[in-house]
Amino acid sequence: MDENNIKILAISGSVRDNSSNSKLLRAVANLSSENVVFKFYNELETLPHFNPGIDNDESPPAPVTILRNYLKEADGVLFSTPEYANGVPGVLKNALDWIVSSGEFMNKPVAVISGSPHPGGGEKAHASLLLTLNMLSAKIVEGGTMMIPFITTKLNADGKITDPVMKQELINLINALVDDINKH
Ligand SMILES: Cc1cc2nc3c(=O)[nH]c(=O)nc-3n(C[C@H](O)[C@H](O)[C@H](O)COP(=O)(O)O)c2cc1C
């Protein structure tokens, strides 16, 4: 891989087969320029339940080390998450809790999407995820947040974007993330 490539870690808050949020991340990757390389993190389910008692720097659980290394290697992170019961999915919050002490999000450029079949676009999960990321000192880039209502009507079965307005908004969002990375 060209070392000048920009590396984005894409994290879906859904572990569901056929997840709209996971499909959306792949669609965003296809909208990006060639020098932007996406890694799709699909190991949320491998992480143990967060337990500060076993969270030490010398020998954290292996899946935690893997996630921390992916984050260290990434120039930026792109989330797309559903909302469950008015909040961030537990699997995603669990992953973020593992990063509190290790600090890989510190000043990391981040963009956040929430996608829901409902009209709110996952607004509560979105707000909650931003709160947590701010606590982790992530850098939420300007223009890097987006809530997508009625997401199931905007992607076809293959995960292709069928809504031109959303497509342009996603292009703007990924460009905002990449521009911020390029600036620093
Ligand atoms: C237990 C449960 C709770 C949910 N709670 C919410 C909610 O609070 N807000 C919302 O917008 N959607 C809610 N949904 C609907 C999800 O947004 C929907 O299942 C979505 O497609 C999940 O995203 P995914 O396609 O990426 O897996 C809920 C779904 C389930 C199964």
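The model is predicted, so local features need pLDDT of at least 70 and side-chain atom pairs count only at pLDDT 80 or more, while totals for chains, interfaces and linings use all residues. Residues are numbered from 1 along each chain as its sequence is written, and side-chain values use heavy atoms, with hydrogens and water left out.

Me: What makes D55 buried?
Reply: Buried means under 20% relative accessible area, exposed means over 50%, and partly exposed is in between (1.4 Å probe, protein chains only). D55 has 14% relative accessibility, so D55 counts as buried. D55 is placed in the loop between β2 (36-41) and α2 (62-73); helices (H or I, at least four residues) and strands (E, at least two) are DSSP runs, numbered from the N terminus.

Me: Why is the meeting of the side chains of D55 and R68 called a polar contact?
Reply: A polar contact is a pair of N or O atoms within 3.5 Å; within protein, one must be able to donate a hydrogen and the other to accept it, and residues adjacent in sequence count only if both atoms are side-chain atoms. The side chains of D55 and R68 come to 2.8 Å, and the pair is listed as a polar contact.

Me: Which residues is D55 in contact with, leaving aside its neighbours within four places in sequence?
Reply: They are F50, R68, W98 and S101, where contact means heavy atoms within 4.5 Å.

Me: Why is the pair of F50 and W98 called edge-to-face?
Reply: Rings of Phe, Tyr and Trp (its six-membered ring) pair if their centres lie within 6.5 Å; planes under 30 degrees apart count as stacked, over 60 as edge-to-face and the rest as tilted. The structure holds four aromatic pairs. In one of them, the rings of F38 and F40 have centres 6.1 Å apart and planes at 20°, so that pair is stacked. For F50 and W98 the centres are 4.9 Å apart and the planes are at 90°, so this pair is edge-to-face. The pair links distant parts of the chain, with F50 in the loop between β2 and α2 and W98 in the loop between α3 (90-97) and β4 (109-115), 48 residues apart. W98 is buried, at 0% relative accessible area, whereas F50 is partly exposed at 30%.

Me: How do you know that the charged end of R26 sits over the ring of F40?
Reply: A charge sits over a ring if NZ of Lys or CZ of Arg is within 6 Å of the ring centre and within 35 degrees of the ring normal. The charged end of R26 is 4.0 Å from the centre of the F40 ring and is placed over it.

Me: What makes K72 and E104 a salt bridge?
Reply: A salt bridge is a side-chain nitrogen of Lys or Arg within 4 Å of a carboxyl oxygen of Asp or Glu. The N to O distance for K72 and E104 is 3.9 Å, and their side chains meet in a salt bridge. K72 lies in helix α2 and E104 in the loop between α3 and β4, 32 residues apart. K72 is exposed at 55% relative accessibility, while E104 is buried at 9%.

Me: How far apart along helix α3 are D97 and K93?
Reply: They are four residues apart, so about one helical turn separates them. Their closest N and O atoms are 2.8 Å apart, in a salt bridge.
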